[in-house]
Amino acid sequence: QARSSSHSFNPELPCLPSAWSWGAGTRPRVGPMPDAKGKAIDGALVSSMLTNVAVKAAVGSLAFIPGCVVFRGAALRCLCGGLGMGFGAGMAWTQADLHLRHPELVPMPASLTSEAERMKAEGAARMASLRARIGF
């Protein structure tokens, strides 16, 4: 007696049903890769991107603080800081890579001086709003 099955048997792939295989004669579509509109790399661009990596890694290193609150051992505290630095540097590296591949879509990271000025202005604005709330 033959058992009825919801899927048929494929002799090319004996462990998988034919519905899961590519089928006879089908292949994934393969064509030439599109031309990437890359950006020319110069010293100012590399400096800006590495500055962005350093700034975001420094901000990510602030993960030491909750690590010191949550964990007693130095190893886990350092692990929290290292993970924060890695995530920060990875995000900056990804932004730089996307900027190099698609400069019209992703803006270039700011330089260290403009980043410091932006952070200073944001900090001053937050302090002014806090002082306004308190009444100073």
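Modeller: The expected span of a helix is 1.5 Å times one less than its number of residues, where a helix is a DSSP run of H or I of at least four residues, numbered from the N terminus. The model is predicted, with local features needing pLDDT of at least 70 and side-chain atom pairs pLDDT 80 or more, while totals for chains, interfaces and linings use all residues. Residues are numbered from 1 along each chain as its sequence is written, and side-chain values use heavy atoms, leaving out hydrogens and water.

Helix α3, the part I would look at closely, has 28 residues and reaches 40 Å between its first and last C-alpha, close to the 40 Å expected.

Along α3 the buried residues (under 20% relative accessible area, with exposed over 50% and partly exposed in between, for a 1.4 Å probe and protein chains only) are Cys80, Gly81, Gly84, Gly88, Ala92, Ala96 and His99. These buried residues pack against α1 and α2 (64-70), contact meaning heavy atoms within 4.5 Å.

The axes of α1 (residues 43-60) and α3 (residues 74-101) come within 7 Å and cross at roughly 155°, an axis being a line fitted to C-alpha atoms over the stretch in contact and the angle running from 0 to 180 degrees between N-to-C directions. That crossing makes α1 roughly antiparallel to α3, the term used for angles over 145 degrees. From α1, the residues that meet α3 include Leu45, Met49, Val53, Lys56 and Ala57, and those on the α3 side include Gly81, Met85, Ala92, Trp93 and His99. By class, this contact has eleven nonpolar, seven polar and one charged residues, with Asp, Glu, Lys and Arg counted as charged, Ala, Val, Leu, Ile, Met, Phe, Trp, Tyr, Cys and Pro as nonpolar, and the others, Gly among them, as polar.

Serine 48, also in α1, counts as buried at 6% relative accessibility, and, leaving aside its neighbours within four places in sequence, it is in contact with Met108, Pro109, Ala110 and Ser111.

Conventions:
Helix = DSSP H or I, 4+ residues; strand = E, 2+ residues; numbered from the N terminus. Parallel < 35°, antiparallel > 145°, perpendicular 65-115°, else oblique.
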